[in-house]
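Let's take a walk through a protein model together.

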Amino acid sequence: MDWPPPPPTSPSLVVRSPRQTVNLLRNRRRHRDPFPRSPSFAAGDHGPKPSEVYGFVGSITTVIATAIYFAWAYTPEPWLHSLGITYYPSKYWALAVPSFVIVAVVLSMVIYMGFNFLATPPPTSFNTIFDENSRERVKFSPEMKEEERPIEPISDISIDQINNLMFGDR
């Protein structure tokens, strides 16, 4: 075996830019198996995922807990005593706990929205257009071919382009 290995003979396998890499990967995908296996079939080879098991057990537990809650909340006390069930919470909690939970959820949503309004700059502030994380668009030389040009980095769309798109040339 010769070291270093000889260069590849096919010029299509020589990659000079990220765009060529993406094009090469796209072309390889086209020649793959026309009948790919579904993800659920592939997962069956190794058994169920733990998240699926936890979700199933959690849903069954929720249904059972809800059924027990409704049986306790709506069954009259003499019936519970006749069944031999004498130790259970007061029926007051059947209404109090769901009411407390609903009020807590609504208040937490209101407080969350309030904090978001406090953290947002006013509409007249230039921070709604530019801030320390803004990125200008990088321009590449027009002489480069499409395949040789690198992939453009993430950048913000300027306010001029947005106004042009939304309102046109007025």
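This is a predicted model: local features need pLDDT of at least 70, side-chain atom pairs count only at pLDDT 80 or more; totals for chains, interfaces and linings use all residues.

Start with how the elements get their names: helices (H or I, at least four residues) and strands (E, at least two) are DSSP runs, numbered from the N terminus. Residues are numbered from 1 along each chain as its sequence is written.

The chain has a mean pLDDT of 80, with 79% of its residues at 70 or more.

Now look at helix H3 (residues 50–74). Tyr-69 and Trp-72 are three residues apart in this helix, so about one helical turn separates them. To talk about their rings we need a rule: rings of Phe, Tyr and Trp (its six-membered ring) pair if their centres lie within 6.5 Å, and the pair is stacked if the planes are under 30 degrees apart, edge-to-face if over 60, and tilted otherwise. By this rule there are four aromatic pairs. In one of them, Tyr-69 and Trp-72, the ring centres are 5.8 Å apart and the planes sit at 55°, so the pair is tilted.

Are these two side by side in being buried or exposed? Buried means under 20% relative accessible area, exposed means over 50%, and partly exposed is in between (1.4 Å probe, protein chains only). Trp-72 is buried at 15%, and Tyr-69 is partly exposed at 28%.

Another pair is Phe-70 with Tyr-74: the centres are 5.9 Å apart and the planes at 25°, so this one is stacked. These two are four residues apart in helix H3, which again comes to about one helical turn. Phe-70 is partly exposed at 43%, while Tyr-74 is exposed at 65%. Tyr-69, Phe-70, Trp-72 and Tyr-74 form one aromatic cluster.Finally, an unreviewed UniProt entry lists residues 53–72 and 92–115 as "transmembrane region"; such annotations may be inferred rather than shown by experiment.

Definitions and conventions
Side-chain values use heavy atoms; hydrogens and water are left out. pLDDT is the predictor's confidence in each residue, from 0 to 100.
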